[in-house]
Amino acid sequence: MQIVANGWHLVRTCVKNYLSNGVNMKVEDRFIVTVLLRAKQDKVMDLRQYTQQLAENCRHHEGLLLHTMHQDQLNPTVFFVYEHFASEKAFQEHLSSDAFKNVQSELSEFLNTKPEIQTWSMSKQMGCFGE
């Protein structure tokens, strides 16, 4: 997988937000969202640009701790989005934001299928952000 975030600045900002806003939270309060996107063959670059702009528009959202987007190396039409929120409430506020008003209809222009969205709760934190 390859990260397709909107440049180093966005990645650095997201990690900084994660470290400053998320580390002292209880692990069980955190809310994870994953989205699988399958682009139309001729819309891969358009989808990439659209999602990068969307990420930039949302990076200031309260409770959005981390956002990464990945592109499959073997099938470049497949994208995977990983978002980490402070809580389910923060996720719902993210969805109701101005930035998301037209996302579903706009995304359909670029996609072969509906986005596959899954929500997760965190049961343990490890690695570089470990407790």
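**Close-up views of a predicted model**

View 1. Residues 24 or more positions apart make up 78% of the protein's contacts with a separation of 6 or more; a contact means heavy atoms within 4.5 Å. The model is predicted: local features need pLDDT of at least 70, side-chain atom pairs count only at pLDDT 80 or more, and totals for chains, interfaces and linings use all residues. Residues are numbered from 1 along each chain as its sequence is written, and side-chain values use heavy atoms, without hydrogens and water. The protein has 4 helices and 5 strands, taken as DSSP runs (helices H or I, at least four residues; strands E, at least two) numbered from the N terminus. Their order is β-α-β-α-β-β-α-α-β.

**View 2. Confidence along the chain.** Mean pLDDT (the predictor's confidence in each residue, from 0 to 100) is 80 for the protein. Over residues 1-16, pLDDT stays under 50. Where pLDDT is low, predicted coordinates should not be read in detail.

**View 3. The largest pocket.** Its volume is about 590 Å³, the space filled by probe spheres set on grid points joined across faces, edges and corners. Of its 28 lining residues, Val35, Phe100, Val103, Leu107 and Ile117 are closest to the centre. A pocket is an open set of points on a 1 Å grid over the protein atoms alone, where a 1.4 Å probe fits, with protein on both sides within 12 Å along at least five of seven lines; lining residues have an atom within 4 Å of a point.
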